[in-house]
Structures are given as C-alpha cells and as structure tokens.
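Student: I would like to learn how to read some features of a protein model. Can we go through a few of them?

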Amino acid sequence: MNTLAVVIDRPEHLSLSHLRLPVMEDEDVVVEVEWSGISTGTERLIWTGTMPMFPGMGYPLVPGYEAVGRVMAVGPASSNWVGQRVFVPGARCFGEVKGLFGGSASRLVVPGNKVVPVEEKLGEQAVLLALAATAYHSVAGGGQGASHTPPDLIVGHGVLGRLLARMNVAAGITDFTVWETNPARADGAVGYTVVHPDDDKRRDYKAIYDVSGDSALLDSLIGRLGYGGEVVLAGFYSKPLSLNFAPAFMREARIRVAAEWKRPDMLAVNALLHAGRLSLDGLLTHSEPADNAGNAYQQAFTDAGCLKMVLDWRHHA
C-alpha cells in the first residue's frame with residue numbers, strides 16, 4: 001500500500017509525497033484518514049527547525065499527531081472493526097522517512113491499541129481530542145494519582161487554554177482568569193474572563209497553568225503566585241527556562257511539568273464529550289484540502305486569527 005503524506009524535508013520546506021506503507025501485522029489496523037490537525041506548538045518548532053532533540057526527531061519527517069479516520073482493514077489479532085471512526089495520535093509507518101509524529105497522511109498503518117474510537121457526531125472536531133486530553137492530563141495526571149489543583153490563572157487563550165478554561169467551567173469553577181496579549185485571541189470566552197496581563201494586579205494565585213510556550217515568562221509568573229503556589233508548564237518550550245531563586249524561595253513556589261496525555265485522559269475526555277459537559281465548538285477556525293498543505297501550514301503558523309487549521313484528506317488528488 002501507498003500513502004500520500006505531508007513531508008517536511010527540512011525547516012520551512014514542505015512537500016506532499018507518496019510513501020510506501022509496511023505490510024500490516026496481526027495487531028495492526030489500516031486507517032483511511034479523513035482529517036488531520038496542524039499543531040501550532042510542536043509542529044511549529046519542527047517547521048522552523050527549533051524543535052529540541054526529541055525521540056524520532058530528524059528530517060525528512062511526517063508531522064502530525066491529530067488524525068481522524070475510518071478503519072479500512074484489521075489484523076486478525078486486533079479488537080477494532082472495519083468502518084469504525086478512530087482518533088490516531090500519530091504513526092511510524094513510513095520506512096526511512098521519520099514519523100514525528102506521523103499523523104498527517106492519507107492512510108496509516110498503526111497498532112490497533114494505539115487508536116481511540118470516537119463518536120460519529122464529532123466529525124472533524126475529533127482532531128482536537130489530543131489537545132483536550134493534554135488539558136485534562138495537566139490537571140488530572142492521567143490516572144496516576146490524586147488530581148492537581150485546577151488553574152485559577154491560565155496563560156494563553158489559544159485552543160489549549162480555551163480547553164482548560166472550558167474544563168474549569170464544566171467542573172463548576174468560575175473564579176479564574178485567562179491572560180491573553182493578542183487582541184485577536186481575546187474573544188470567545190464563555191463563563192470566564194480574558195484580560196491582558198497588564199490589567200491584572202492579582203498576586204496571590206494558587207495554580208498558574210502556562211500554555212503559551214513562552215520560556216521567558218517563568219519569573220513573571222512566579223511573581224504572581226501566593227505562598228506555596230504552583231506554576232504548571234503545560235506548553236512546549238524550545239528554549240531553556242530559568243528563574244531567579246529569591247522570589248521563588250520567598251513563596252516556596254512549586255514548578256510542575258505536565259507531559260503528554262495518557263489513555264485514561266483520552267477516555268475521560270470522551271466521557272465528558274458524550275455527556276455534553278465539554279464542547280469543542282468554535283475551536284476549528286480554518287480548513288484546507290490536503291492538497292493545499294503548504295499554504296495551510298503557512299497560515300496556521302502566521303495568522304493569529306487561526307486557532308486551529310484542519311487538513312481535509314477526503315478528496316485528495
């Protein structure tokens with residue numbers, strides 16, 4: 001089998017290439033991709049060549065960890081079924097071309113235990129499941145133990161920040177603030193307030209969740225904590241982070257890194273969506289046919305009004 005895939009050959013150079021897929025093994029499934037999302041966090045770093053050394057990193061590579069499609073074939077040991085719509089968090093099925101994270105392709109061969117069944121009604125919104133699970137993981141920790149303190153300050157009103165805010169609202173938490181410096185991203189809040197950091201004088205936050213990816217913010221965030229407060233690094237950072245020790249010492253501040261989502265996070269998010277307690281409406285702002293991937297990537301990374309760009313693979317050439 002072949003697939004048509006987005007290949008980043010080198011920084012800021014993208015092509016659509018036909019690649020050979022491996023023979024399906026007993027536990028594998030073949031997924032015909034309908035939509036894939038473009039990440040403005042990790043994929044931007046891959047695009048610009050600023051991605052830190054990461055397992056699987058190198059060029060050329062197939063990016064993407066937000067693919068949604070239908071199972072078209074199953075191995076004899078797979079528990080999935082043909083016709084099932086699934087979320088695929090990436091793939092490594094492209095031979096010598098690396099897969100980081102390997103989801104931006106028309107067809108994928110992946111282990112059946114890596115895909116997650118999704119409800120039909122979600123449609124293309126299902127590409128947001130990875131970000132929703134990431135937001136949930138930052139608070140719940142993937143079922144690894146006790147839940148963490150939910151944010152009373154969220155830094156950044158992109159898709160991840162909005163999802164964190166919506167989860168707060170779903171949990172009945174209303175006393176929290178969201179910071180955003182770009183006026184183009186300040187709207188869209190329901191049940192919470194978005195302000196510019198300069199207009200917020202509060203300095204007693206208990207839990208600040210940073211989803212901005214700005215490695216220069218740590219000192220200013222620590223300065224907004226109350227005693228014993230926590231800064232949660234829930235974005236992805238390309239540059240080293242540093243802090244002035246004295247302000248952190250005086251507050252006995254804690255710093256926690258929220259890593260990738262785990263399967264319990266994804267299942268919990270699916271349950272919230274099924275129950276109608278979490279909405280993904282209004283987060284997908286742009287869509288392009290996969291054949292226009294070059295323009296789509298450019299817009300996703302340069303247009304502040306583009307919260308989330310989706311590639312549509314259903315009618316590719």
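Tutor: Start with Pro 60, which lies in the loop between α1 (42-48) and β4 (61-62). Helices (H or I, at least four residues) and strands (E, at least two) are DSSP runs, numbered from the N terminus. The model is predicted, so local features need pLDDT of at least 70 and side-chain atom pairs pLDDT 80 or more, while totals for chains, interfaces and linings use all residues. Residues are numbered from 1 along each chain as its sequence is written, and side-chain values use heavy atoms, without hydrogens and water.

Student: Which residues does the cis peptide bond join?

Tutor: Most residues other than glycine have a negative phi, and most peptide bonds are trans. Here Tyr 59 and Pro 60 are joined by a cis bond, with omega about 0 degrees.

Student: What is phi of Glu 12?

Tutor: Phi of Glu 12 is near 60 degrees, a positive value in a residue other than glycine. Glu 12 sits in the loop between β1 (2-10) and β2 (13-20).

Student: At what angle do α2 and α6 pack?

Tutor: Axes are lines fitted to C-alpha atoms, for helices over the stretch in contact, and angles run from 0 to 180 degrees between N-to-C directions. Helix α2 (residues 129-140) and helix α6 (residues 263-274) pack at about 105 degrees, their axes 8 Å apart. That makes α2 roughly perpendicular to α6 (under 35 degrees is roughly parallel, over 145 roughly antiparallel, 65 to 115 roughly perpendicular, the rest oblique).

Student: Which residues of α2 meet α6?

Tutor: Contact means heavy atoms within 4.5 Å. Leu 129, Ala 130, Ala 132, Ala 133, Tyr 136 and His 137 of α2 meet residues of α6, including Met 266 and Leu 273.
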